[in-house]
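This briefing covers strand pairing and pockets in one protein model.

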Amino acid sequence: MRSHSLKCGLVIGFLAVGLLAAAAAAAAEGPEKPKIDFIYPKGFEGISLAIQDAPTPAAKASKLSVKLYGGYSHVLAGDVNDGSDYYFEILEYYQAEGTGTVTGSYKPVHGGYSFGGDIIYQLSPKLGLGLGVGYMRNSSSSVGTFTDGETESVTLTVVPTLTAMPIRLGLFFTTPLANKLNLTADAGAAYYAGLKLESTQGLEFSPTEWMEMTVQGSQRSGIDIGFHGSLGVEYMLSPKLGFFFEAVGRYAKFKNFELVTGTTDGSGGGPDTTEGKLYIFSDTAGTTEISGFTIVATGDPVDPSYLEPKIDLSGFSLQIGIRIRL
């Protein structure tokens with residue numbers, strides 16, 4: 001009996017010492033310390049203390065980033081300009097023949113703007129794969145006046161416009177240059193969806209006498225694929241946000257439209273509409289080379305000298321933007 005009582009007393013004593021030690025520690029550390037749970041092994045063979053304060057694992061860094069950009073876009077548009085400047089070339093011919101005076105000239109369509117965005121997945125710290133979509137619009141407006149030297153004058157207005165939505169797939173490269181400065185580059189291909197041409201030429205002989213001709217094309221066949229590459233620098237505003245400037249080179253030269261619509265309207269009546277294939281004709285008047293758009297209606301014979309225009313969006317862009325690391 002005495003031995004059994006001694007064992008019980010030892011267990012109770014150990015338990016009391018444990019409680020006192022825990023209470024003293026809790027009082028010393030303050031009320032904000034983790035709660036202490038007591039675990040009693042079976043048979044009262046020992047006492048253990050467990051603090052429930054498991055560390056939270058660190059969240060993994062995302063491999064995704066978003067790139068948003070916008071800026072100036074320049075296209076070549078050679079055949080589009082050759083077809084749109086027809087009436088300016090006619091007026092220049094009249095002036096060369098001494099039958100009148102021309103003020104103003106044709107301004108080729110080159111400049112415009114573009115903007116868009118890419119979602120980039122990092123294959124490695126320096127190399128990413130990106131998919132994006134953008135929008136580009138290039139247009140010009142030309143105004144000229146022809147006076148015959150007496151009282152008659154003609155005002156000419158020409159506005160050609162090209163638009164498209166490039167859907168881009170590319171590889172994106174980033175490498176540090178300095179503490180907060182990165183060198184960036186990318187290269188890839190793009191499908192130019194929604195490619196459209198609209199070229200308007202207007203003649204005004206007087207406030208009550210006028211004529212306007214418009215060519216519109218958007219019907220395509222096949223897939224319009226172009227290629228691009230860029231080089232730029234990025235300044236890191238924070239670990240997840242960078243501001244960049246880049247220059248982009250672009251090759252995107254496409255074949256003619258399958259079908260265009262030509263509309264003629266004016267003070268004399270209209271509008272009159274023609275649907276068919278778009279061509280460029282050329283001729284020589286004196287020493288002046290003259291070329292312009294013409295539409296051959298579906299089913300009509302095509303003059304062998306006519307050329308099908310190329311829709312050339314090749315050129316470059318200068319753009320700024322931000323890149324957000326998610």
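β9 and β10 form a hairpin with two residues between them (strands are DSSP runs of E, at least two residues, and helices runs of H or I, at least four, numbered from the N terminus). The model is predicted: local features need pLDDT of at least 70, side-chain atom pairs count only at pLDDT 80 or more, and totals for chains, interfaces and linings use all residues. Residues are numbered from 1 along each chain as its sequence is written, and side-chain values use heavy atoms, without hydrogens and water.

**Strand pairing**
- β9 (residues 181-206) runs antiparallel to β8 (residues 153-176), with 21 bridges joining them (two strands pair if DSSP finds at least two bridges between them).
- Four residues make the hairpin link from β8 to β9, and T175 has L183 in β9 as its bridge partner.
- Nine bridges pair β9 with β10 (residues 209-219) in the antiparallel sense; T200 is bridged to T214 in β10.
- β11 (residues 225-238) is antiparallel to β9 over 11 bridges, and N182 has E234 in β11 as its partner.

- The largest pocket holds about 420 Å³ of space.
- Its lining has 18 residues, with Q122, P125, K126, T174 and R325 closest to the centre (a pocket is an open set of points on a 1 Å grid over the protein atoms alone, where a 1.4 Å probe fits, with protein on both sides within 12 Å along at least five of seven lines; lining residues have an atom within 4 Å of a point).
- β8 gives the largest share of that lining, three residues.
- The second largest pocket has a volume of about 280 Å³ (the space filled by probe spheres set on the points, which are joined across faces, edges and corners).
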